[in-house]
Amino acid sequence: MKKFLNILSVFFILTQSTYAQNFKIEKILDLKDPWSLTFINKDEVLITEKDGEIVFANIKSKEVRKIKHNLNYKVDGQGGLLDIIKHNNDIFICYTEDRGGGKTSTSIAKASFAKDNLNFKNIFQANPPINSGYHFGCRLVIKDNMIYASAGERGNGNIAQDPKTHVGKMIRINLDGSSPKDNPKFKGKNDWLAEIYQIGIRNPQGMTLSPFNGKIYISNHGAKGGDFFGEVKFGENYGWQIWCWGGVNYSGTKCGETDQWDSRFTKPLYTWSPSIAVSAVQIYKGDEFKEWNGHILMTSLKDESIRKLEFINENEVGKEVIILKGKLDRIRDLKIAEDGKIYILSNGAGALSVLKK
């Protein structure tokens with residue numbers, strides 16, 4: 001029986017590898033530690049580089065230039081300039097703000113779009129500021145003129161359970177930074193801060209709005225095991241660090257107070273143990289890879305892969321296939337253009353690339 005299982009495992013690995021080799025990567029631009037990209041139009045993008053640069057790039061002509069900005073950022077461990085989104089004529093950026101005394105926060109700023117100089121104004125700061133270079137989260141999605149943002153727990157564990165802090169939370173604010181009057185605080189969660197939408201997260205570095213059902217999904221880093229893909233839900237709790245989604249501490253010791261899910265917490269739709277270091281996530285819609293419409297595209301840092309997962313239904317994820325592995329470095333961002341082309345940022349090798357059949 002053991003021999004049969006070993007043969008089956010080898011067959012499964014070979015099947016995945018063969019599938020992955022059907023896809024190629026075409027490099028478009030060289031960059032320095034890129035983190036996020038947003039489309040201005042079909043040919044032009046803005047890209048953040050973690051060390052502090054905002055780059056304008058034309059995919060077609062390969063023109064690249066830096067855009068001036070006034071952000072009070074700090075490059076600290078995993079922190080720097082992180083997610084960026086163009087919405088109408090505005091640019092929203094999530095970044096590591098220098099709050100003085102060695103402390104930083106996951107902050108969000110807004111500027112009117114310009115190709116030469118972006119004059120940002122803060123609209124949100126995650127409080128309290130913390131002296132840590134870990135777990136900023138810092139992904140953004142805009143839905144119904146509201147910003148959904150992930151504010152990681154900065155390596156502080158159970159602070160994610162404290163609703164009087166923004167740390168380790170999903171945030172929802174209006175485009176001007178004010179708090180929607182139907183946020184959980186105003187609907188029965190009286191002790192929650194006004195900007196909090198969901199609690200109990202660790203470090204979501206991927207977030208997307210499904211073009212099919214209008215739901216928002218995140219990818220979240222576990223510790224040693226426990227990476228997950230799941231839905232953002234009003235007023236709920238993902239459990240960190242009471243529950244660690246099947247992972248353990250980096251030392252190998254038990255993580256959290258319970259080792260299994262219970263009804264207090266939001267249940268992830270899919271988990272990875274051991275961790276693959278999940279990063280950007282998108283729900284595919286387009287003509288370039290029509291057979292993938294409605295499927296989840298998950299990227300990985302440590303595993304350097306792109307994986308495709310299929311929904312069984314809105315509450316369950318089934319088949320997972322590795323479509324690309326080892327052809328790029330750490331894959332930080334993945335965005336789908338209007339024509340369905342898939343663009344990829346790898347921040348180890350430092351490149352913008354496009355996926356080819």
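The model is a predicted one. Cysteine 94 is likewise buried, because its relative accessible area is 0%, and the cut-off for buried is under 20%.

Cysteine 138 and cysteine 94 form a disulfide, with 2.1 Å between their sulfur atoms. Cysteine 94 belongs to strand β7 and cysteine 138 to strand β11, so this pair ties together parts that lie 44 residues apart in sequence. The torsion about the S-S bond of cysteine 94 and cysteine 138 is about -105 degrees, and the disulfide is therefore left-handed.

## The disulfide between cysteine 244 and cysteine 255

A search of the whole structure finds two disulfides. Cysteine 244 and cysteine 255 are also joined by a disulfide, at an S to S distance of 2.1 Å. Both cysteine 244 and cysteine 255 sit in the loop between β17 (227-231) and β18 (270-272), so the pair ties together parts that are eleven residues apart in sequence. The torsion about the S-S bond of cysteine 244 and cysteine 255 is about -70 degrees, so this disulfide is left-handed.

Are these two cysteines buried or exposed? Cysteine 244 counts as buried because its relative accessibility is 2%, and cysteine 255 counts as buried because its relative accessibility is 3%. With the bonded cysteines of the protein numbered in sequence order, the pairing reads 1-2, 3-4.

## The nonpolar cores

The largest nonpolar core has 22 residues, and the members that touch the most others are Phe92, Ile108, Leu140, Ile147, Ile171 and Ile173. Several strands give two or more residues to this core: β6 (81-87), β7 (90-100), β10 (121-125), β11 (137-143), β12 (146-151), β13 (169-174) and β14 (196-199). A second, separate core has 21 residues, including Met170, Ile201, Val232 and Cys255.

Which residues does isoleucine 108 contact, leaving aside its neighbours within four places in sequence? Its contacts are Ile93, Cys94, Tyr95, Lys121, Asn122, Ile123, Phe124, Leu140, Ile147, Ala149 and Ile173. Cys94, in this list, is one of the two cysteines of the disulfide with cysteine 138.

## A four-stranded sheet

Strands β11, β12, β13 and β14 form an open sheet in that order, with antiparallel pairing. At the edges are β11 and β14, each of which pairs on one side only. On average, neighbouring strands of this sheet are turned by 20 degrees against each other, direction ignored.

Within the sheet, β11 and β12 pair in the antiparallel sense over five bridges. Glycine 137 has alanine 151 in β12 as its bridge partner.

## The protein as a whole

The protein has one helix and 25 strands. Its radius of gyration is 20 Å, close to the 21 Å that the globule rule gives for 357 residues, so the protein is as compact as a globular protein of that length. Taken along the principal axes, the C-alpha atoms fill a box of roughly 60 × 55 × 35 Å.

What share of the 357 residues counts as buried? The figure is 57%. Among contacts between residues at least 6 apart in sequence, 57% join residues at least 24 apart.

Methods. Residues are numbered from 1 along each chain as its sequence is written. This is a predicted model: local features need pLDDT of at least 70, side-chain atom pairs count only at pLDDT 80 or more; totals for chains, interfaces and linings use all residues. Side-chain values use heavy atoms; hydrogens and water are left out. A nonpolar core is a set of buried Ala, Val, Leu, Ile, Met, Phe, Trp, Tyr and Cys residues joined through side-chain atoms within 4.5 Å. Buried means under 20% relative accessible area, exposed over 50%, partly exposed in between (1.4 Å probe, protein chains only). Contact means heavy atoms within 4.5 Å. Two strands pair if DSSP finds at least two bridges between them. Axes are lines fitted to C-alpha atoms, for helices over the stretch in contact, and angles run from 0 to 180 degrees between N-to-C directions. A disulfide is a pair of cysteine sulfur atoms within 2.5 Å. The radius of gyration is taken over C-alpha atoms; the globule rule is 2.2 Å times the number of residues to the power 0.38.
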